[in-house]
Amino acid sequence: MSEPVVVGVDITAGHDGTAEMVVSIRHENGVVAPMVLDQQTSLELMRTCGAASTEALIGRPWRELFRTTISGDA
């Protein structure tokens with residue numbers, strides 16, 4: 001594996017009652033860590049990646065998520 005990739009995606013309730021996306025990322029050293037995205041960022045991520053479902057995010061490079069969550073574009 002040359003870079004971190006998405007290995008799982010779950011939708012959960014946030015503290016304010018809106019949906020949040022928990023993205024599991026596997027890093028080069030094998031560690032899997034969660035990344036929590038708010039509803040707006042989650043929808044933007046799916047739109048910019050062209051993902052019709054959360055399953056379509058699995059296997060994608062971490063770089064795609066990072067660009068979306070930090071700059072708002074991919």
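Me: What makes E3 and R63 a salt bridge?

Reply: In this predicted model, the closest N and O atoms of E3 and R63 are 3.0 Å apart. The cut-off is 4 Å between a side-chain nitrogen of Lys or Arg and a carboxyl oxygen of Asp or Glu. The value of 3.0 Å lies within 4 Å, so the pair counts as a salt bridge.

Me: Why is this pair said to link distant parts of the chain?

Reply: E3 sits in the segment before β1, while R63 belongs to helix α2 (residues 62-71), and the two are 60 residues apart.

Me: Why is R63 called partly exposed?

Reply: Its relative accessible area is 45%. Buried requires under 20% and exposed over 50%, with partly exposed in between. R63 at 45% therefore falls in the middle class.

Me: How many salt bridges does the rule give?

Reply: The count is two. Besides E3 with R63, E44 forms one with R47, where the closest N and O atoms are 2.5 Å apart. That is also within 4 Å, so E44 and R47 qualify.

Me: How are E44 and R47 placed in helix α1?

Reply: They are three residues apart in helix α1 (residues 39-49), which means that about one helical turn separates them.

Me: What makes β2 and β3 a pair?

Reply: Six bridges connect β2 with strand β3 (residues 32-37) in the antiparallel sense, against a requirement of at least two. M21 stands opposite L37 in β3. This hairpin has five residues between its strands, with G30 in the turn at a positive phi of about 95°.

Me: Why are β1 and β3 called edge strands?

Reply: The open sheet of three strands has the order β1-β2-β3. β1 and β3 each pair on one side only, which is what an edge strand does here. The twist averages 25° from one strand to the next.

Me: Why is β2 described as mostly covered?

Reply: Six of the eight residues in β2 (residues 19-26) are buried, each therefore under 20% relative accessible area.

How values were computed:
Residues are numbered from 1 along each chain as its sequence is written. This is a predicted model: local features need pLDDT of at least 70, side-chain atom pairs count only at pLDDT 80 or more; totals for chains, interfaces and linings use all residues. Side-chain values use heavy atoms; hydrogens and water are left out. Buried means under 20% relative accessible area, exposed over 50%, partly exposed in between (1.4 Å probe, protein chains only). Helices (H or I, at least four residues) and strands (E, at least two) are DSSP runs, numbered from the N terminus. Axes are lines fitted to C-alpha atoms, for helices over the stretch in contact, and angles run from 0 to 180 degrees between N-to-C directions.
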